[in-house]
Amino acid sequence: PDEPGIVYCGTSRGNFYVSEDGSATWKPLRSGPAFPGYVATGLVVDRQVRGRLWASLEGQYAGGLVVRSDDRGANWTILAMWKNVVATRALAVAASPDAATFPLLAVGGDDGVRLSRDGGRTWARTGDSTEGLFQVESLAFDPADAKVLYAGTWRQAFRTRDAGVTWSRIAEGMVLDATVYAWDFDAKDTRDAWVSTCGWVYRTRDGGDRWTRF
């Protein structure tokens with residue numbers, strides 16, 4: 001966010017790379033494989049702590065990890081591990097108010113969404129009573145409001161406006177079975193957002209209440 005020329009990349013072999021010249025050249029963040037047997041599914045640069053990276057990884061056969069680096073990927077700390085369920089197909093990190101406060105973290109996967117409010121030490125399921133909120137493929141916090149979290153599944157889209165206390169399906173105008181892969185928000189009005197799916201691109205101007213298909 002503060003250094004536009006620096007781009008980070010996670011790979012399907014569990015490795016991480018950095019480009020310091022706008023992607024013209026790349027180098028590994030560390031020598032040797034970082035997490036062999038895992039696929040990088042999420043990689044987020046912390047907006048408050050310089051050099052801190054958050055990442056999620058999915059096991060090639062099962063399981064998942066959430067990890068953090070405080071030295072630009074030279075060393076990683078495993079914050080959470082699931083051995084059987086793939087809980088980490090998606091990762092989102094909310095904006096924290098200051099460097100001393102851990103941001104709200106969200107991971108999503110086969111069995112739904114989990115939140116951590118203490119930097120990844122503990123995790124709690126959210127929305128598990130919401131019909132259809134499973135097989136999560138994408139997550140995104142509203143850049144202007146950390147209480148608003150969007151989730152895209154293999155079939156539809158969901159939203160919480162109260163940091164996971166309640167969830168609702170927001171797929172009016174979407175085709176059922178449209179896997180939601182990615183979210184992008186207008187900087188001036190975050191209710192104006194775009195998503196990519198397996199079949200189309202959609203736009204909402206009201207935070208997900210209604211969608212227009214392109």
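Which residue in S13 does Asp142 stand opposite? Asp142 stands opposite Asp145. The model is predicted: local features need pLDDT of at least 70, side-chain atom pairs count only at pLDDT 80 or more, and totals for chains, interfaces and linings use all residues. Residues are numbered from 1 along each chain as its sequence is written, and side-chain values use heavy atoms, with hydrogens and water left out.

Strands here are DSSP runs (E, at least two residues), numbered from the N terminus. Two strands pair if DSSP finds at least two bridges between them. S12 and S13 are joined by 6 bridges in the antiparallel sense. They belong to an open sheet of 4 strands, ordered S12-S13-S14-S15, with antiparallel pairing. S12 and S15 (168–169) are its edge strands, each pairing on one side only. In general, strands of a sheet pair through backbone hydrogen bonds, either parallel or antiparallel.

Buried means under 20% relative accessible area, exposed means over 50%, and partly exposed lies in between (1.4 Å probe, protein chains only). Side chains in a regular strand alternate between the two faces of the sheet. In S9, Leu105, Val107 and Gly109 point one way, while Ala106 and Gly108 point the other way.

S9 has pairing partners in S8 and S10. Strand S8 (residues 90–93) runs antiparallel to S9, with 4 bridges between them. S10 (residues 112–116) is also antiparallel to S9, over 5 bridges. Val107 takes part in both pairings: Leu91 is its bridge partner, and Arg114 in S10 stands opposite Val107. S9 and S10 form a hairpin, with 2 residues between them.

**Aromatic contacts**

The whole structure holds 8 aromatic pairs. Rings of Phe, Tyr and Trp (its six-membered ring) pair if their centres lie within 6.5 Å; planes under 30 degrees apart count as stacked, over 60 as edge-to-face and the rest as tilted. Two of the pairs are set out here.

| Pair | Centre to centre | Angle between planes | Type |
|---|---|---|---|
| Trp54 and Phe102 | 6.4 Å | 80 degrees | edge-to-face |
| Trp82 and Trp123 | 6.0 Å | 70 degrees | edge-to-face |

Trp54 and Phe102 link distant parts of the chain, 48 residues apart. Trp54 sits in strand S5 (residues 53–59), and Phe102 in the loop between S8 and S9. Trp54 is buried, at 1% relative accessible area. Phe102 is partly exposed, at 28%.

Trp82 lies in strand S7 (residues 77–82), and Trp123 in the loop between S10 and S11 (124–126). This pair ties together parts 41 residues apart in sequence. Trp82 counts as buried, because its relative accessibility is 15%.

Elsewhere, Tyr150, Trp183, Phe185 and Trp211 form one aromatic cluster. Arg213 lies over the face of Trp200, 4.6 Å from the ring centre. A charge sits over a ring if NZ of Lys or CZ of Arg is within 6 Å of the ring centre and within 35 degrees of the ring normal.

**Pockets**

On a 1 Å grid over the protein atoms alone, a pocket is an open set of points where a 1.4 Å probe fits, with protein on both sides within 12 Å along at least five of seven lines; lining residues have an atom within 4 Å of a point. Points are joined across faces, edges and corners, and a volume is the space filled by probe spheres set on them.

The largest pocket has a volume of about 900 Å³. Its lining has 34 residues, with Leu43, Val44, Arg47, Ala92 and Val93 nearest the centre. S12 supplies the largest share of that lining, 6 residues. The lining divides into 23 nonpolar, 5 polar and 6 charged residues. Ala, Val, Leu, Ile, Met, Phe, Trp, Tyr, Cys and Pro count as nonpolar, Asp, Glu, Lys and Arg as charged, and the others, Gly among them, as polar.

The second largest pocket holds about 200 Å³. It is lined by 15 residues, and Pro1, Asp2, Glu3, Val45 and Asp46 lie nearest its centre.

**Positive phi**

Most residues other than glycine have a negative phi. Arg72 has a positive phi of about 60 degrees. Arg72 is in the loop between S6 (64–69) and S7, and is partly exposed at 31% relative accessibility. Asp177 has a positive phi of about 75 degrees. Asp177 is in the loop between S15 and S16, and is partly exposed at 45%.
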